[in-house]
Every structure is written in structure tokens, then in C-alpha cells.
Amino acid sequence: MERKAVIHTIGPFYTEKSSILILGSFPSVKSREENFFYAHKMNRFWPVLSSLFNTKLTTIEEKIEFLTKNNIALWDVIGSCTIEGSGDQSIRDVVPNNLSLIIDKAQIKHIYVNGQKAYNLYLKYNQNIEIPVTPLPSTSPANATFKIDKLIERWSVIIKDQNQFQFPSQNA
């Protein structure tokens with residue numbers, strides 16, 4: 001497979017009430033085709049969140065409603081790069097996304113980064129952001145080290161923070 005220059009075409013997902021931002025590295029070929037995050041059926045992102053929040057997340061509409069209801073923003077660290085297929089290990093020539101597009105308009109209290117590559121790139125390009133950041137194990141099928149139960153266990157930290165950052169008007 002040949003490495004080629006690719007531009008991120010999926011806009012950031014957030015609302016002004018988003019309190020948690022989850023960042024990936026760069027969308028997979030399938031996600032770029034579907035124009036939505038974590039679209040590859042083998043990626044465990046949506047199954048992990050479904051389990052943590054005890055909900056069914058299959059359609060894009062269900063996912064959008066879920067993210068909105070739970071004040072979760074989604075985007076990626078990389079705005080463009082050269083990449084071979086969907087493999088993070090092949091990423092080169094990175095141009096980062098401007099995360100202030102979300103941070104300046106939402107109420108982000110904590111950033112979670114999906115996978116080591118995304119975390120390393122986040123640290124490299126976002127030293128000026130003073131929001132707590134937590135790396136989480138990648139939900140990619142390429143991360144064979146973590147079975148789904150272990151991913152759910154490690155990702156459960158977002159439940160605590162999601163509850164902590166609820167806005168009073170939502171609990172009324």
C-alpha cells in the first residue's frame with residue numbers, strides 16, 4: 001500500500017456544553033468514507049462507550065444524540081498527514097488540527113486521547129493547552145494487547161469525569 005497525503009475532512013463534533021473532549025489521531029479510511037468518527041466496524045470505540053453508558057449506539061444519529069446528551073466532543077489531533085491506509089505507524093508530515101476551535105467555544109474540562117500515537121502528537125503540538133489530559137489505550141483493532149473488557153475498564157475513567165462535569169440544568 002502506498003503512503004499518500006490526506007486532509008482530515010470530518011469537522012469537530014461538539015456543542016457549547018461539551019465538557020469532555022476525546023481526541024483520536026487521524027480518521028481511518030472507513031471513517032473518512034462515512035464522514036464520521038470511528039466508523040470501522042472493528043474499531044471498539046463505540047462498543048466501549050455503549051457498554052460504559054449502558055446504551056445502544058449503532059447509527060450515526062444515535063451517536064450524535066449520545067454525544068450531545070453526555071457533553072462529549074470528538075475530534076482528532078491531526079488535520080492532515082501522509083498515511084498508508086489507516087495505520088498510525090505510517091503517519092508522517094503531520095499538520096495538527098487547531099483544537100482552539102472547540103476549546104474556545106465549548107466548556108472542556110478534561111481531554112482524553114485515544115491511543116499512544118495520538119497522545120504523543122497531542123503533547124508535541126498542544127503544549128499551550130492548560131486542560132488536564134489523560135491518555136487511554138487505543139480502541140483500534142490494531143491494539144490487540146487490550147481485549148474489550150480491559151478497554152472498558154480503562155476507559156471507565158470518563159464516566160467519573162462525565163458525571164463530575166454535568167451542568168445543573170441537565171440534572172433538573
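Reader: Why does Asn143 count as buried?

Author: In this predicted model, Asn143 has a relative accessibility of 14%. Buried means under 20%, so Asn143 counts as buried.

Reader: Where does Asn143 lie, and what does Asn143 touch?

Author: Asn143 is in the loop between strand 7 and helix 6 (148–155). Leaving out residues up to four places away in sequence, Asn143 touches Arg44, Pro137 and Ser138. A contact here requires heavy atoms within 4.5 Å.

Reader: What makes Asn54 exposed?

Author: The relative accessible area of Asn54 is 71%. The cut-off for exposed is over 50%, so Asn54 is exposed. Asn54 sits in the loop between helix 2 (45–52) and helix 3 (60–69). Its phi is near 50°, a positive value in a residue other than glycine.

Reader: Is Asn71 buried or exposed, and how do you know?

Author: Asn71 has a relative accessible area of 2%. Asn71 is found in the loop between helix 3 and strand 3, just after helix 3.

Reader: How do you know that the buried residues of helix 3 line one face?

Author: The buried residues of helix 3 are Lys63, Phe66 and Leu67. Seen down the helix axis, these residues fall within an arc of 95°, so they line one face of helix 3. They pack against helix 2 and strand 3. On the other side of helix 3, Glu61, Glu65 and Lys69 are exposed.

Reader: Why can residues a few places apart in an α-helix point the same way?

Author: An α-helix has 3.6 residues a turn, so residues three or four places apart point the same way.

Reader: What puts the buried residues of helix 5 on the same side?

Author: Helix 5 (residues 116–125) has the buried residues Ala118, Tyr119, Leu121 and Tyr122. They cover an arc of only 170° around the axis, which puts them on the same side of helix 5. Their packing partners are strand 2 (20–24), strand 4 (78–84), strand 5 (92–96), strand 6 and strand 7.

Reader: What makes strand 3 and strand 7 edge strands?

Author: The open sheet has four strands in the order 3-2-6-7, with parallel pairing. Strand 3 (72–76) and strand 7 (133–136) each pair on one side only, and they are the edge strands. From one strand to the next, the twist averages 25°.

Reader: How do you know that strand 6 and strand 7 pair?

Author: Pairing needs at least two bridges between the strands. Strand 6 (residues 110–114) is joined to strand 7 by four bridges, so the two strands pair. They run parallel. Within this pairing, Asn114 has Leu136 of strand 7 as its bridge partner.

Reader: How do you know that the radius of gyration agrees with a compact globule?

Author: For 172 residues, a compact globule would have a radius of gyration near 16 Å, and the chain has 15 Å, which agrees. The C-alpha atoms fill a box of roughly 55 × 35 × 25 Å along the principal axes. Of the 172 residues, 49% count as buried.

Key
Residues are numbered from 1 along each chain as its sequence is written. This is a predicted model: local features need pLDDT of at least 70, side-chain atom pairs count only at pLDDT 80 or more; totals for chains, interfaces and linings use all residues. Side-chain values use heavy atoms; hydrogens and water are left out. Helices (H or I, at least four residues) and strands (E, at least two) are DSSP runs, numbered from the N terminus. Axes are lines fitted to C-alpha atoms, for helices over the stretch in contact, and angles run from 0 to 180 degrees between N-to-C directions. Buried means under 20% relative accessible area, exposed over 50%, partly exposed in between (1.4 Å probe, protein chains only). The radius of gyration is taken over C-alpha atoms; the globule rule is 2.2 Å times the number of residues to the power 0.38. The arc is that of the directions from the helix axis to the C-beta atoms.
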